Every structure is written in structure tokens, then in C-alpha cells.
Amino acid sequence: MDLYWIIQAVAYWSLVLFLIPLNYIKKIMLFAFLGGFVYTWIVQIISVNILKRWVFEPDMLMVYNIPVFFTLSWFAVTCLFGYLLWRFSRYQIWIVMFFVLWATAMNYTTVSLKRIYLPGWSIPETFMFAIFSHVLLLYAFKYLHHVSKLGASENMIEDSFLSFKKR
């Protein structure tokens, strides 16, 4: 029995509990559930079962050929994403890029560890899809939590580099 996905889920949820104050966890739970759990399931069902772009190695708890703890992992990651967007919206470009790179690196890692196979997909496609997904999630968060500073604006890029100018 392989424990990779359950260990990843425990690690990511540990980060959530360590880094995010409880009052914020409560506030972002709906966003994280919809964006991290439901959206992940939809993407996986389409990609694994309909389009057959990737295949997960059998795991101890699978539903529709998808490891349950994989989706629970991204539920946690989406909590972190939402919290950082809420608290540090000025740095939204850096936050999005960090999570895009995180998703890409984790995909590369799981391919390397043979936890997932990509017969109809590639790591560069993961990177591009991660950009789409995280921008989509950013706007979902913006409208769900009314964070007006998020999203495209004339000063967005300038604001992202503001902290470098102060030094």
C-alpha cells in the first residue's frame, strides 16, 4: 500500500494549520472547498476518465481512478492560496506565480516518483494549465470575498515591485 498521497495531504494540511490563523481558515473554507476540492475533482474526472490525459498509480483510496488524498491535498493548497491573496493582495502576481510553480514542481515530482503517468500530457502543459487555474481561482476568490484589490489594474505590476523600490 502506497502512502504518498496521504502523506502529501497531511503535510499540506499541517502547513494550513501552522500558517493560517483559525479565523481566516473559517473565512476561506468555502472558497478552498469549491476551488481546491470540487474544481480539482472536476479537472481530474475530465482529464483522467474522459480525456485520458494522465493516469494515477493505484492508491489505497481511489474514487473514479483518482486518489482521494490527492484532492484533499489541493483543498489544503487552495486554503493557503486564498489566505495569501487575502492578506497580501498587493503581491498577487508573485502569489499566483509561486502556486503555478508549486503545482508544476509537484507534477514533475509525482511523475518522477511514478505516482502519475502522463500518456497525453506534459509538464509544460501542466505549467500553462496551472496559470489558467490560478488566475481563475484568483477571480473566484475576488468575487466570493469582495477583495477589490485583486485582479487586473493599471498599477498591478508596479505594486508588485513596490517593495523592491523601497530598498
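I began with serine 89, which touches Leu84, Val147, Lys149 and Leu150, leaving out residues up to four places away in sequence; contact here means heavy atoms within 4.5 Å. Serine 89 sits in the loop between helix 3 and helix 4. I took helices (H or I, at least four residues) and strands (E, at least two) as DSSP runs, numbered from the N terminus. Serine 89 counts as buried because its relative accessibility is 8%. Buried means under 20% relative accessible area, exposed over 50%, and partly exposed in between, with a 1.4 Å probe and protein chains only.

I noted the basis of the entries: this is a predicted model, in which local features need pLDDT of at least 70 and side-chain atom pairs count only at pLDDT 80 or more, while totals for chains, interfaces and linings use all residues. Residues are numbered from 1 along each chain as its sequence is written, and side-chain values use heavy atoms, with hydrogens and water left out.

**Helix 3**

I checked the length of helix 3 next. Its 20 residues reach 29 Å from first C-alpha to last, close to the 28 Å expected at 1.5 Å a residue; the expected span is 1.5 Å times one less than the number of residues. Of those 20 residues, 16 are buried, so helix 3 is largely enclosed by the rest of the structure.

I then looked up leucine 80, in helix 3. Leucine 80 is buried, at 7% relative accessible area. Beyond residues up to four places away, leucine 80 touches Leu15, Val16, Leu19, Ile20, Phe99 and Trp102. Leucine 80 and isoleucine 25 are 55 residues apart in sequence, but 9.0 Å apart in space, C-alpha to C-alpha.

**The core**

Which members of the largest nonpolar core touch the most other members? I found Ile20, Phe56 and Phe81, out of 45 residues. Helices 1 (4-19), 2, 3, 4 and 5 each supply at least two residues of this core. Helix 3 gives the most, with 12 residues. A nonpolar core is a set of buried Ala, Val, Leu, Ile, Met, Phe, Trp, Tyr and Cys residues joined through side-chain atoms within 4.5 Å. Phenylalanine 81 touches Phe31, Ile95, Val96, Phe99, His134, Leu137 and Leu138, again without residues up to four places away.

**Helix 5**

I compared the span of helix 5 (residues 123-145) with expectation: its 23 residues should span 33 Å at 1.5 Å a residue, and the end C-alpha atoms are 32 Å apart, which agrees. Its buried residues include Thr126, Ala130, Ser133, His134, Leu137, Leu138 and Phe141. Their cover includes helix 2 (22-50), helix 3 (68-87) and helix 4 (92-112).

**Positive phi**

I listed backbone exceptions, since most residues other than glycine have a negative phi. Lysine 52 has a positive phi of about 55° although it is not a glycine. Lysine 52 lies in the loop between helix 2 and strand 1 (55-56) and counts as exposed at 54% relative accessibility. Asparagine 65, also not a glycine, has a positive phi of about 65°. Asparagine 65 lies in the loop between strand 2 (62-63) and strand 3 (66-67), and is partly exposed at 48%.

**Isoleucine 46**

Isoleucine 46 is partly exposed, at 36% relative accessibility. Isoleucine 46 touches Leu51 and Lys52, not counting residues up to four places away in sequence.
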